[in-house]
Amino acid sequence: PPDSNMASVPSSSNTEKHSEPTITGTESSTDDIGTESSTDDILSVSIEAVEDQVAKAGSYCQYINDENGIFLVISPNAVIRSFRFVTVQVDDTELGLIYSISDELYSIDELTQDKPFLVKMQFVGLLPTYGIVFEDQKNNERFYTINMRGIDHTEGQPYYLNEVIPSKSP
């Protein structure tokens, strides 16, 4: 369907999640740097910046979006399928912010903890311009924007994933 890549987040609602992506059903907690710790088989996907030398030494699925950017590692704690790195378009409407996938820049059938995704990218403006899409362990498509907080890495994790809830077709 044409709306399958559309997601809506009303500006005054609580539909955005600002913690690590998880599948609900068991307990989890977030420590002071934004890393999720799990007590069961909850799916979590972490994001963190790494130095150039760390990026060059690891085993990753890799995509260079901008040579002048920073390296970010996106790593699941379990196998996820149909992983895609995408551009995100954000439209401000009377219903709130509407997030949609503009272009698919990279895709891989499976992403694992042993071989995470490494991307070199820049943040442009205040609204997210990149995101990830994947199928979780229950075959549900999940859509997350890649975001940056206005803090220094010494104050905590400046990067986070924000789940965008798909809109319902009328």
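Asn139 lies in the loop between E10 and E11; strands (E, at least two residues) and helices (H or I, at least four) are DSSP runs, numbered from the N terminus. The model is predicted: local features need pLDDT of at least 70, side-chain atom pairs count only at pLDDT 80 or more, and totals for chains, interfaces and linings use all residues. Residues are numbered from 1 along each chain as its sequence is written, and side-chain values use heavy atoms, without hydrogens or water.

Confidence was examined through pLDDT, the predictor's confidence in each residue on a scale from 0 to 100. The protein chain has a mean pLDDT of 75, and 71% of its residues reach 70 or more. Among its elements, E10 has the highest mean value, 95. Strand E2 (residues 28-30) has the lowest, 33. Over residues 1-40 the pLDDT stays under 50. For that stretch the model has 88 contacts (heavy atoms within 4.5 Å) beyond four places in sequence. Where pLDDT is low, predicted coordinates should not be read in detail.

The loop at Asn139 belongs to a hairpin formed by E10 and E11, with 5 residues between the two strands. Phi of Asn139 is near 65 degrees, a positive value in a residue other than glycine. Asn139 counts as exposed because its relative accessibility is 54%. Here exposed means over 50% relative accessible area, buried under 20%, and partly exposed in between (1.4 Å probe, protein chains only). Ser82, placed in strand E7, also has a positive phi, near 50 degrees. Its relative accessible area is 34%, so Ser82 is partly exposed.

Two strands pair if DSSP finds at least two bridges between them. Strand E10 (residues 130-135) and E11 run antiparallel and are joined by 5 bridges. Phe134 stands opposite Arg142 in E11, and Gly131 stands opposite Thr145. E10 also pairs with E7, in the antiparallel sense and over 5 bridges. In that pairing, Val86 stands opposite Gly131. E11 in turn is joined to strand E12 (residues 159-163) by 5 bridges, again antiparallel. There, Thr145 stands opposite Asn162.

E10 is largely enclosed by the rest of the structure, because 5 of its 6 residues are buried. In strand E11 (residues 141-148), 6 of 8 residues are buried.

Thr145 lies in E11. It counts as buried because its relative accessibility is 0%. The side chains of Thr145 and Asn147 are joined by a polar contact of 2.9 Å. A polar contact is a pair of N or O atoms within 3.5 Å; within protein, one must be able to donate a hydrogen and the other to accept it, and residues adjacent in sequence count only if both atoms are side-chain atoms. Beyond its neighbours within four places in sequence, Thr145 is in contact with residues including Val88, Tyr99, Pro128 and Tyr130. Tyr160, Leu161 and Val164 are also among them.

A second sheet arrangement was examined separately. An open sheet of 4 strands has the order E4-E6-E9-E5, with mixed pairing. Its edge strands are E4 and E5 (61-64), each of which pairs on one side only. Neighbouring strands of this sheet are turned by 20 degrees against each other on average, direction ignored. Axes are lines fitted to C-alpha atoms, for helices over the stretch in contact, and angles run from 0 to 180 degrees between N-to-C directions. E6 and E9 pair in the antiparallel sense over 5 bridges. Val119 in E9 is the bridge partner of Leu72.

Nonpolar packing was considered last. A nonpolar core is a set of buried Ala, Val, Leu, Ile, Met, Phe, Trp, Tyr and Cys residues joined through side-chain atoms within 4.5 Å. The largest core has 22 residues. Those with the most contacts inside it are Phe85, Phe117, Ile132, Phe134 and Ile146. Elements giving two or more residues to this core include strand E4 (45-50), strand E6 (70-76), strand E7 (80-93) and strand E9 (117-121). E10, E11 and E12 are also among these elements. A second, separate core has 9 residues, including Val86, Leu97, Tyr99 and Phe143. Phe117 touches residues such as Cys61, Tyr63, Leu72, Ile74, Phe83 and Phe85, among others, not counting residues up to four places away in sequence.
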